[in-house]
Amino acid sequence: MTSHGFYSKSQASCIGVALLFCTSLVIPSFAELERLEHPAKGDGSLSFLVVGDWGRRGFYNQSHVAFQMGKIGEKLDIDFVVSTGDNFYDNGLTGLNDQAFEESFTKIYTATSLQKQWYSVLGNHDYRGDVEAQVHPALRKVDSRWLCLRSFILNAEIAGFFFVDTTPFVNDYFTDIDHTYDWRGVTPRKAYLDSLIKDLESALSESTARWKIVVGHHAIKSAGYHGDTKELNDLLLPMLKAYNVDMYVNGHDHCLEHISSLDSPIQYLTSGAGSKAWRGDLNQHYKEDDLRFFYDGQGFMSVQLTKNDAEITFYNAFGKILHEWKALKELHSAV
């Protein structure tokens with residue numbers, strides 16, 4: 001069973017004499033979210049890195065960011081890496097044999113500490129290529145670290161991760177005449193989104209994880225170039241608040257960013273600075289939520305969790321700590 005977004009077809013029986021009036025009815029049916037398991041450390045703690053918008057064959061400081069990720073990964077003894085999408089620029093992968101996979105991933109993230117499982121979602125640039133190739137299990141034979149699905153659930157004991165395919169939510173991509181998108185497995189769009197929203201709500205409501213973390217490519221809240229994603233604010237945010245999600249982690253804006261919700265425990269964390277950045281597009285008038293931190297350059301993020309504590313740290317391409325935030329789970333308040 002997979003969560004690659006494919007659908008099965010059931011055909012109505014033929015009616016009529018000699019099949020002259022035979023008709024068929026195609027009913028879309030999307031697979032349920034795949035559920036994966038990843039053990040926490042022996043003491044119950046969990047640590048991981050988050051990077052997004054990175055796949056540029058090492059250019060735009062991607063290699064520098066990767067090197068520092070390796071150093072921090074070793075220091076924190078990370079359990080895995082989360083990728084927030086736009087994994088391969090500019091237009092995803094062309095197929096299973098596209099050399100960009102190894103040139104932008106395998107040959108870049110070479111540190112021993114990064115030889116852990118990578119859990120990845122798709123970004124809008126990934127949808128401009130062969131999506132079926134990027135989520136295909138065959139890539140895991142090329143590099144066993146790679147695991148990219150459309151949407152899925154990861155149970156990591158004290159934390160539950162809910163990876164969401166956000167690109168199909170965005171209306172603009174379906175009217176974009178300048179780019180071609182691979183919508184196989186997504187159409188009919190309404191049925192795809194309805195199924196995804198239903199499955200996500202079910203998973204969030206059933207989760208008993210101490211920490212709930214939702215990961216998507218597009219931002220719900222952002223002071224960066226792309227800003228807030230209206231469709232996610234309308235369709236996902238009420239659900240995240242209703243089920244006490246602790247963090248929403250995204251990429252898309254090529255920056256590092258931390259926004260605290262004013263009416264819920266949610267921390268909006270952008271880590272989309274894995275390579276090309278420096279757009280200079282900070283919205284100086286962003287006041288909707290508490291903008292705690294914004295950095296326009298390249299870098300990445302680390303998250304350390306225990307039963308009662310969370311520690312979030314942002315680093316630049318030289319490994320310098322730019323911003324730290326700590327919280328106590330019981331109090332839902334920053335320290």
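Is Asp 182 buried or exposed? Asp 182 is buried, with a relative accessible area of 11%, where buried means under 20% relative accessible area, exposed over 50% and partly exposed in between, for a 1.4 Å probe and protein chains only. The model is predicted, so that local features need pLDDT of at least 70 and side-chain atom pairs count only at pLDDT 80 or more, while totals for chains, interfaces and linings use all residues. Residues are numbered from 1 along each chain as its sequence is written, and side-chain values use heavy atoms, with hydrogens and water left out.

Across the whole structure there are 13 salt bridges, each being a side-chain nitrogen of Lys or Arg within 4 Å of a carboxyl oxygen of Asp or Glu. Three of them are listed here.

| Salt bridge | Closest N and O atoms |
|---|---|
| Arg 184 and Asp 182 | 2.8 Å |
| Arg 292 and Asp 290 | 3.8 Å |

Asp 182 and Arg 184 also belong, with Asp 130, to a network of salt bridges, and Arg 184 is partly exposed at 44% relative accessibility. In the second pair, Lys 230 is exposed, with a relative accessible area of 59%, whereas Asp 234 is partly exposed at 45%.
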